[in-house]
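Work through the exercises below with the sequence and the structure at hand. Each task is followed by its solution.

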Amino acid sequence: GGITAPMVQEWRQKLMAKGNRPDTINKKVSAVRAMMADAVLHGRLDAMPPLPRQLAKRNTKDRVFSDQEVAALCSYFQAISQPAAADMLVFLLETCCRWGEAEKLKGQDVDLVRGTVTFWSTKNGRPRSVPLTRRAIDAITPHMPPVAAHRVWPYKYASYRWHFANAKEAVGLADDEALTIHTTRH
């Protein structure tokens, strides 16, 4: 047999039980729906079977950093002689950019006079410019490379994640699984 609405419903329930959010589940079901449409188009399926409607989105607030948590993490980074880690955390929070956007950021992408940053490599493939707050400017200024074509931040994801995990542990947040580097986007 083929895929049926009850099968999809059961799969969605399993995904919910694993902690997937409705938006994530809807994307996964949409991918299945698209594959089935392609199968119909190429003669592998006779017709598109009916599938359940999309799940309603939960309007819950994502985990965010408190000012106290930011201060504690930044203090830890300073104490272990990693001021760039502290400044990068502030930059991520102030710009809400994705990790990969910050990691690939070069000096030539930052205009401190105008107070803007341009992210060329984005998730949707379209570059975007973001205004910089005073805190973001103060965070990035000490790390501007002398050669404009060089990267601003000295970290790859694995090394920053290691520092971030150690900082969380040091300030008593090790058990807070919802507090991640991605939380800076919220």
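**Exercise 1.** At what angle do helix 3 and helix 7 pack, and how many Å apart are their axes?

Solution. The model is predicted, and local features need pLDDT of at least 70, side-chain atom pairs count only at pLDDT 80 or more, while totals for chains, interfaces and linings use all residues. Residues are numbered from 1 along each chain as its sequence is written, and side-chain values use heavy atoms, with hydrogens and water left out.

Step 1. Locate the helices, which are DSSP runs of H or I with at least four residues, numbered from the N terminus. Helix 3 covers residues 67-79 and helix 7 covers residues 157-170.

Step 2. Take the axes as lines fitted to C-alpha atoms over the stretch in contact, with angles from 0 to 180 degrees between N-to-C directions. The angle is about 115°, and the axes lie 9 Å apart.

Step 3. Classify the angle (under 35 degrees is roughly parallel, over 145 roughly antiparallel, 65 to 115 roughly perpendicular, the rest oblique). Helix 3 is therefore roughly perpendicular to helix 7.

Step 4. List the contact (heavy atoms within 4.5 Å). Helix 3 contributes L73, Y76 and F77, and helix 7 contributes Y160, H163, F164, N166, A167, K168 and A170.

Step 5. Sort these residues by class: Ala, Val, Leu, Ile, Met, Phe, Trp, Tyr, Cys and Pro are nonpolar, Asp, Glu, Lys and Arg are charged, and the others, Gly among them, are polar. The contact of helix 3 with helix 7 has seven nonpolar, two polar and one charged residues.

**Exercise 2.** How are helix 3 and helix 4 oriented to each other?

Solution. Step 1. Helix 4 spans residues 83-95, and its packing angle with helix 3 is about 155°, with the axes 6 Å apart.

Step 2. Helix 3 and helix 4 are therefore roughly antiparallel.

Step 3. On the side of helix 3, the contact is made by V70, L73, C74, F77 and Q78; on the side of helix 4, by P83, A85, A86, L89, V90 and L93. By class, the contact of helix 3 with helix 4 has ten nonpolar residues, one polar and no charged.

**Exercise 3.** Is S81 buried or exposed?

Solution. Step 1. S81 sits in the loop between helix 3 and helix 4. Its phi is near 60°, a positive value in a residue other than glycine.

Step 2. Apply the cut-offs for relative accessible area (buried under 20%, exposed over 50%, partly exposed in between; 1.4 Å probe, protein chains only). S81 has 59% relative accessibility, so S81 counts as exposed.

Note on methods. Helix = DSSP H or I, 4+ residues; strand = E, 2+ residues; numbered from the N terminus.
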